[in-house]
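User: I'm new to this structure and would like a close look at its sheet. Could you walk me through that part and then what surrounds it?

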Amino acid sequence: MIQKPKITVIGTGYLGATHAASMAELGFDVLGVDVDPAKIEKLTQGILPFHEPELPELLLKHAGTGRLRFTTSIQEAAEYGDIHFIAVGTPQKEGDNAADMTYVYDAVSSIARLANKDCLIAGKSTVPVGTSRELLKLIEREKSPDVEIQLAWNPEFLREGFAVKDTLEPDRLIVGAEDQRAVKALKLVYADAISRETPFIASDFETAELTKVAANAFLATKISFINAFSEVTERVGGDIRVLADAIGYDARIGRRFLNAGVGFGGGCLPKDIRALQARVSELGLDRTMSFLHEIDQINLRRRERVVDLVKSVLHELTDKKIAVLGATFKPNSDDVRDSPALDVAAQLYNAGADVSVYDPQGMPNSAKRFPRLTYAPTIEDCLEGAEIVLLLTEWTEFRELNPEAVSTFVSRKRILDGRNVLDETKWERAGWEFYALGRRTDRLIP
Ligand code: UDX
């Protein structure tokens with residue numbers, strides 16, 4: 001492989017845009033490709049069509065250095081790249097747990113068909129195990145006999161909100177391949193991280209594909225594990241935060257991802273655990289991942305718990321004004337995919353409540369998904385006249401709310417901390433009724 005390969009990134013969502021800009025930051029010439037002309041138009045002007053810290057600066061910087069360009073032409077990309085990273089989405093299929101693989105197959109098939117020089121296709125999207133082997137066959141069928149096309153699977157573990165950092169300073173790198181030349185080429189791409197002793201794991205295709213879903217399944221399990229204990233502490237008494245701290249001191253367990261609350265959402269964890277179950281069932285291992293069904297159910301029950309708690313506190317929901325703070329699936333993101341906060345807001349609205357939502361970044365995306373909810377222009381507007389306030393995404397500005405100041409807007413001083421981030425003594429001292437998930441039952445209505 002040539003010393004400084006030209007890179008393309010197919011798909012410019014959270015993963016692809018971040019990968020493209022990060023590759024430019026590492027000194028490569030990069031061409032980002034997407035089928036959405038509006039997105040490409042914005043990226044070309046250095047405008048990021050979604051919220052991700054540090055990424056706008058990187059985009060602008062490399063629009064300036066000339067190392068980062070964007071196009072809608074897959075043909076241009078196929079002819080340009082020595083390494084093609086596949087970063088297209090693999091969303092959950094409509095009405096099915098399995099992943100929709102159309103975009104991956106389309107991208108790989110187009111590159112294979114249109115490539116006029118030897119190249120490497122490196123998959124980054126999260127895919128069902130067995131995909132790489134299928135793609136190898138597809139590449140052989142589609143490519144011109146004059147070119148050689150290698151394949152590697154190189155999953156991405158980036159978190160939204162930390163996408164640039166996670167890409168430039170990954171915890172680990174894994175490359176699944178059959179041909180050692182593919183591994184060598186990707187070692188060159190990631191030379192910077194490798195020189196800082198980032199673990200680099202070369203494996204077969206299947207292990208690389210499974211590593212990504214195994215990591216997400218583990219994280220989802222950790223969150224649902226603590227949330228299952230929330231159900232118990234809510235029933236018998238106890239404080240889930242103290243329990244999490246106490247078990248978290250055990251280095252084998254660790255405290256991270258044991259924050260109990262309204263549960264996980266986003267574009268990865270929920271759909272990945274569903275796709276994994278679907279794939280493993282297809283392999284004839286029906287019971288192997290059945291625990292993930294339970295993980296999903298525990299997670300969804302947390303949302304119901306919030307709705308039930310609100311019903312118990314307000315008795316009747318019809319026309320009751322409820323202030324929902326938070327719509328995104330986590331802070332520092334504008335992503336509302338499978339967001340627990342937005343789901344709870346919609347459930348309360350459907351039950352007749354007058355729901356007002358405020359989120360620092362997530363309202364445009366929320367309005368596309370649930371246009372009938374009321375989106376307040378400011379936090380004060382959201383709180384105005386509320387009979388209960390629900391904190392469902394732990395943005396810093398919500399964590400730092402001053403109970404005295406908030407009191408002036410609401411009609412009843414009642415708050416439910418759905419993320420276990422508020423200091424209840426402070427709120428109670430200011431005269432608030434304070435509710436939380438996984439905490440003392442004497443405050444919670446059963
Ligand atoms: C996740 C993985 O972390 C990442 O490695 C993978 O590449 C993509 O999926 P992301 O979706 O950005 O990343 O979100 P993450 O930070 O993992 O949080 C997922 C969800 O779990 C959020 O809704 C968050 O609020 C929730 N969560 C997280 C908890 O409820 N409790 C916790 O202790 C941690």
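Analyst: Let's start with the open sheet: six strands, ordered E11-E10-E9-E12-E13-E14, with parallel pairing. Strands here are DSSP runs of E with at least two residues, helices are runs of H or I with at least four, and both are numbered from the N terminus; two strands pair if DSSP finds at least two bridges between them. E11 (374-375) and E14 (433-436) are the edge strands, each with a single partner, so one side of each has no neighbour in the sheet. This is a predicted model, where local features need pLDDT of at least 70 and side-chain atom pairs count only at pLDDT 80 or more, while totals for chains, interfaces and linings use all residues. Residues are numbered from 1 along each chain as its sequence is written, and side-chain values use heavy atoms, leaving out hydrogens and water.

Zooming out, the protein is divided into domain 1 (7-203) and domain 2 (237-436), with bounds from an automatic or database domain assignment. Between them, 17 residues of domain 1 are in contact with 16 residues of domain 2. There is one salt bridge between the two domains, that is, a side-chain nitrogen of Lys or Arg within 4 Å of a carboxyl oxygen of Asp or Glu. Arg 337 and Glu 160 meet in a salt bridge through their side chains, at 3.3 Å from N to O.

Technical notes:
Contact = heavy atoms within 4.5 Å.
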